[in-house]
Each structure stands twice: as C-alpha cells, then as structure tokens.
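Trainee: I would like to learn how to read a structure that is new to me, one feature at a time. Could we look at it together?

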Amino acid sequence: MALILLTCVLLSLWLRGHCQDVIQIPEVSWTDVTKSAEMNCSHNRDKSYNQMYWYRQRPGETMTLIVFTVFGGKPDYGQSSQSKYSAVKDSIETGALTVKNVQPDDRGLYFCAVSKHTYFGAGTRLTVLEPGRSPTTPTVEVFKPSAKECNDPNKKRKKTLVCVASGFYPDHVSVSWMLNGVQTGKGVATDSTAKRDGDSYRITSRLKVQAKDWFRPGNRFTCTVSFFNGTITTPHSASVSCTLKYLRITQNAKLFYVVLIVKSCIYGAFVCFLVWKLQVCQQPPYELNFQAAKMSL
Ligand SMILES: *[C@@H]1O[C@H](CO)[C@@H](O)[C@H](O)[C@H]1NC(C)=O
Ligand SMILES: *[C@@H]1O[C@H](CO)[C@@H](O)[C@H](O)[C@H]1NC(C)=O
C-alpha cells in the first residue's frame with residue numbers, strides 16, 4: 001500500500017515537472033532603467049482557458065493584480081497605469097506583458113495565471129539595472145553564536161549562527177546553509193528580500209542549531225550565497241565551527257586531570273611515607289597522626 005502511494009506521489013511529481021501548464025518566458029529579465037521589459041506567457045490547457053491575469057509581487061510583499069486580459073477582448077487595467085503596463089492577448093494559448101520605462105521600484109516577480117480555474121506560471125523575475133552600475137559580487141561573513149551563548153552551560157539551548165552577505169549589486173541572490181557539506185533547510189530563516197545598503201544590497205540569514213551539533217568537534221557550518229550577475233550564478237561562501245572553543249575546553253579538562261593525578265601521587269607518597277615511618281618506629285597510636293596529616297594536605 002505504502003509502495004503504491006509512493007509511486008503515485010513520485011509519478012505526480014514527475015508529471016508536474018514534465019507537463020508544466022503555464023510557461024513564462026523569460027525566467028529572468030535583466031533590464032536597464034528606462035527600458036522596457038517584455039514577458040511572455042503560454043499554456044497548454046484546453047480552449048476554455050482564454051483568460052490571462054498578470055500579477056506583480058514586489059520583494060517582501062504579496063501579489064497584486066496588474067491586468068486582466070481575455071482573448072478577443074480589451075485588457076482591463078483596473079487601478080494600474082497604462083503608461084507603465086501594456087498587455088496583449090493575441091491567441092488563446094499565449095499572451096504578453098510589457099513593463100514600460102522600468103524603474104528600480106519595478107523590480108520583483110511577475111506572475112501570469114490562466115483560467116477558468118486558475119493556473120499560475122513560475123514567474124518572471126525582473127531585475128532593474130541602474131545606469132552606470134555593473135554587477136558586484138557579495139562579501140559573505142558568518143558570525144558565531146555570541147560568546148555568552150557559545151559558552152552557555154545549558155547545553156540544551158539552541159545556538160544561532162548569522163550569515164551576512166553585503167556589498168552586492170543587483171539583488172539577485174539566494175542563501176543556503178550546509179552542515180559538513182550537506183545542505184540543511186531546518187532552522188533556517190532568511191530575509192524575504194535583500195535590503196538596500198548605500199548603493200549596494202545586503203541580506204541576512206540565520207541558522208538555529210542544536211547545542212550538541214554546534215559543540216560536536218569537526219562540525220563545520222557553511223553559508224553559501226548564490227549571486228547571479230546577468231550571465232552566470234556564482235557561489236560565495238563562508239564557514240564557522242566551534243572547534244577552537246572545544247579545544248580550549250578539552251585542554252582545560254586535561255590540565256584538571258593532570259593536577260588531580262599529581263595531587264593523588266603526592267598524597268599516595270605521603271601515605272606510604274607515614275606507613276613506613278610508623279612501621280619503623282612501632283609507635284601506636286598512629287591513627288591520630290594519620291588523620292592530622294590527611295587534614296593538612
Ligand atoms: C515573446 O513573444 C514574441 C512573439 O512570439 C517574441 O517576438 C518575443 O521575442 C518574445 N519575448 C520574449 C522575452 O521571449
Ligand atoms: C559575470 O561573471 C562572469 C564570470 O566572472 C563574467 O565573465 C561576466 O562578464 C559577468 N557578467 C557581467 C554582466 O558582469
């Protein structure tokens with residue numbers, strides 16, 4: 001039964017991947033300020049799907065409807081400005097949206113949906129290039145848990161690692177975390193959008209880890225920021241581990257044991273000496289002297 005269920009899930013995933021209903025082209029639009037960005041949408045559903053909606057989603061915001069089009073009718077722009085958007089619906093299967101006189105504010109995701117029942121495309125991501133700016137790759141840093149948090153004797157508490165990528169332009173990035181080279185999604189919280197910082201962008205991501213994972217020797221936590229420069233995506237990484245702190249702890253422990261062993265040896269030697277002396281002198285009662293010697297140690 002479980003096997004059948006698994007097969008069904010896998011089959012439906014495979015079908016979803018192979019028979020995408022709504023296709024948006026391009027996936028990424030990299031457009032200079034004041035230029036126009038054109039995006040196309042097509043679908044392979046039946047002839048009753050003759051309506052097409054275009055939505056905009058600004059970074060960190062929800063979707064808003066730009067325009068509704070229907071094949072054979074006039075586009076309905078609602079509240080949207082026609083000096084900013086123009087939509088065409090030339091056939092039942094296709095349509096297009098143009099964002100005119102592109103400004104930094106226009107950056108974001110543009111979704112196409114077709115209906116009667118609504119089917120969405122995967123979106124076109126519009127990145128707006130400001131004049132005279134060329135892409136700059138990010139600088140990535142990972143910060144350890146605060147000293148207080150790192151040395152916290154309560155080993156049950158979670159530790160927070162913070163990854164900061166800064167100085168990049170434009171803001172086409174994604175952040176991922178790895179533990180010893182294996183990607184981890186658990187406990188990850190990344191800013192929903194890169195924030196403007198002077199004339200570049202900055203994004204922050206946090207990873208919460210179990211204290212035992214943080215303290216385990218050799219565990220290495222890596223933050224990777226994938227940056228798209230209009231041509232290729234490059235990874236930019238930084239790593240941390242708690243190893244240094246851990247070494248210090250074991251060295252302290254070693255020192256503690258050495259002192260303990262030396263102390264025991266001295267004590268042992270002293271007892272031997274006492275016993276030897278008492279045997280030589282044959283002078284009872286020695287019980288009291290022994291106790292006094294123990295106390296003075
Ligand atoms: C959109 O479709 C039109 C007409 O088929 C084509 O000329 C244009 O190049 C397409 N634009 C993109 C961005 O794919
Ligand atoms: C993107 O990076 C590649 C490799 O570093 C470089 O060849 C290309 O010119 C860059 N593209 C832009 C638009 O800067």
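Trainee: By class, how many nonpolar, polar and charged residues does the shell around ligand 2 have?

Mentor: Please keep in mind that this is a predicted model. To read a shell, one lists the residues around the ligand and then sorts them by class. Around ligand 2 these are Ser134, Pro135, Asn229, Gly230, Thr231 and Ile232, and by class they comprise two nonpolar, four polar and no charged residues.

Trainee: Which residues surround ligand 1, and how do the residues of that shell divide?

Mentor: Ligand 1 has Ile25, Pro26, Glu38, Asn40 and Ala96 around it, and this shell divides into three nonpolar residues, one polar and one charged.

Trainee: In what order do the strands of the open sheet lie, and which are the edge strands?

Mentor: In a regular strand the side chains alternate between the two faces of the sheet. Here four strands form an open sheet with antiparallel pairing, and their order is 1-3-7-6. Strand 1 (22-25) and strand 6 (85-88) are the edge strands, each of them pairing on one side only, while the twist from one strand to the next averages 15°.

Trainee: How many bridges join strand 6 to strand 7, and how many residues lie between the two strands in their hairpin?

Mentor: Strand 6 and strand 7 (residues 94-99) run antiparallel and are joined by four bridges, and the hairpin that they form has five residues between them. One can follow the pairing residue by residue: tyrosine 85 has valine 99 in strand 7 as its bridge partner, and valine 88 stands opposite alanine 96 of strand 7.

Technical notes: Residues numbered from 1 in each chain as written. Chains lettered and ligands numbered in written order. Predicted model: local features only at pLDDT ≥ 70, side-chain atom pairs only at ≥ 80, totals over all residues. Pairing = 2+ DSSP bridges. Axes fitted to C-alpha atoms, helices over the stretch in contact; angles between N-to-C directions. Near = placed C-beta within 6 Å. Nonpolar A, V, L, I, M, F, W, Y, C, P; charged D, E, K, R; others polar.
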